[in-house]
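I opened my notebook beside this entry and went through it one item at a time. My notes follow in the order I made them.

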Amino acid sequence: MTEWVISLGGTKDVQLIIDGKRTDGRTLDELRAIRIEAGVIPEADGSSYIEWGNNKIVCGVYGPRECIPRHGASPYGATLKCRYMMSPFSSLEEHSRSGPSRRSNELSKVIREALENVLLLGKFPNTQIEIYIDVLQADGGTRTASLTAAAVALANAGIPMKDMVAAVAVGKASETLVVDLNKPEDNLGQSDMPIAMSHRDKNLLLVQMDGLLTKEEISRMLDMVEKSCDEIHEVQADALRRIYKTEQKEPFRW
Ligand code: CDP
């Protein structure tokens, strides 16, 4: 049996890929299993739940509704607010820490900015739209999974969008390009590049990068992202189709 070597002492002796297979048995461009359910919070205007590998995330959307505080309102369109939060029990690292942090502020900001590009906010002046994202279980790639779930929740809330958005992280582990990094690859690999892409126009709405990649590697990774985002889009569309098709809606089961 192959023995995986995971060392927290640095990335030099970490073997994350053996014979073209990753620590969780996936091939290099294989996504983890993704399940999305829409409309999981009856009290919200729109909602979604995503299981992406071992990530479990719930997302609620409220609005357009009155902008509070009022001075934050814009006559040009709705103000988009986004709050990403990891629950204290979502991972061993996060335990005993709850509430906002530099990281949660950053993730809330980048998710909001990505979605602002596709939402037709101009249709709802002087209002606000709120997105609440709660990570129940984290295993690498929560920002991309959250963005993917938030797009479904916004569509479920009926907020007009000019395009759908999906997101995935790509990067380099054991000197090899891989799609959809899990936690060991994210934490111990050489680089990590979360990307969000609009479905029809293929516009890049989020690009972040940790570590180093060559121009040639980035260009290869963008091709991988496009293919993966098309797959993720199918899961998003299916979740939305399911909720509107079912006449007798089955209650959501966790
Ligand atoms: O989740 P994402 O990959 O978008 O963000 P990250 O900052 O690159 O974190 C990678 C992973 O490390 C997260 O998904 C969590 O599993 C873990 N993490 C954690 O458990 N607690 C933190 N405070 C930060 C990260």
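**Entry 1: I195.** I looked up I195 and found it buried, at 0% relative accessibility; buried means under 20% relative accessible area, exposed over 50%, and partly exposed in between, with a 1.4 Å probe and protein chains only. I195 lies in strand β10, residues 191–198. Strands here are DSSP runs of E with at least two residues, helices are runs of H or I with at least four, and both are numbered from the N terminus. I then listed what I195 touches, leaving out residues up to four places away in sequence: T144, A166, A167, V168, V170, L204, L206, L222 and V225. Contact means heavy atoms within 4.5 Å. V170 is 25 residues from I195 along the chain, and their C-alpha atoms are separated by 7.6 Å.

**Entry 2: source of the model.** I noted that this is a predicted model, in which local features need pLDDT of at least 70 and side-chain atom pairs count only at pLDDT 80 or more, while totals for chains, interfaces and linings use all residues. Residues are numbered from 1 along each chain as its sequence is written, and side-chain values use heavy atoms, with hydrogens and water left out.

**Entry 3: the whole protein.** I counted four helices and 11 strands. Of the 254 residues, 49% are buried. I also looked at contacts with a separation of 6 or more, and 66% of these come from residues 24 or more positions apart.

**Entry 4: S47.** Is S47 buried or exposed? I found S47 buried, with a relative accessible area of 1%. S47 sits in strand β4, residues 46–52. Beyond four places in sequence, its contacts are E37, A38, G39, V40, I41, C59, G60, A153 and N156.

**Entry 5: α1 against α2.** I took helix α1 (residues 102–116) and helix α2 (residues 142–156); their axes come within 10 Å and cross at roughly 45°. Axes are lines fitted to C-alpha atoms, for helices over the stretch in contact, and angles run from 0 to 180 degrees between N-to-C directions. The two helices are therefore oblique to each other: angles under 35 degrees count as roughly parallel, over 145 as roughly antiparallel, 65 to 115 as roughly perpendicular, and the rest as oblique. The crossing of α1 and α2 is right-handed. From α1 the contact uses R103, E106, L107, I111, A114 and L115, and from α2 it uses T142, R143, S146, L147, A150, A151 and L154. I sorted the residues of this contact into eight nonpolar, two polar and three charged. Ala, Val, Leu, Ile, Met, Phe, Trp, Tyr, Cys and Pro count as nonpolar, Asp, Glu, Lys and Arg as charged, and the others, Gly among them, as polar.

**Entry 6: L154.** I went back to L154 in helix α2. L154 is buried, with a relative accessible area of 0%. Setting aside neighbours within four places in sequence, L154 is in contact with V61, L115, L119, I129, I131, I159 and M161. L154 and E130 are 24 residues apart in sequence, and 9.6 Å apart in space from C-alpha to C-alpha.

**Entry 7: α2 against α4.** I next took α2 with helix α4 (residues 215–245), whose axes come within 10 Å and cross at roughly 30°. The pair is therefore roughly parallel. The contact joins T148, A151, V152, A155 and N156 of α2 to I232, Q236, L240, I243 and Y244 of α4. These residues divide into seven nonpolar, three polar and no charged.

**Entry 8: backbone.** As background, most residues other than glycine have a negative phi, and most peptide bonds are trans. I found a cis peptide bond joining G63 and P64, with omega about 0°; P64 is in strand β5, residues 55–66. The bond from I68 to P69 is cis too, with omega near -5°, and P69 is in the loop between β5 and β6 (79–86). E175 is not a glycine, yet has a positive phi of about 60°. E175 is in the loop between β8 (165–173) and β9 (176–179) and is exposed, with a relative accessible area of 58%. D180 also has a positive phi, near 60°. D180 is in the loop between β9 and α3 (183–188), and I logged D180 as buried, at 2% relative accessibility.

Methods:
A crossing is left-handed if the near helix is turned anticlockwise from the far one by less than a right angle, and right-handed if clockwise.
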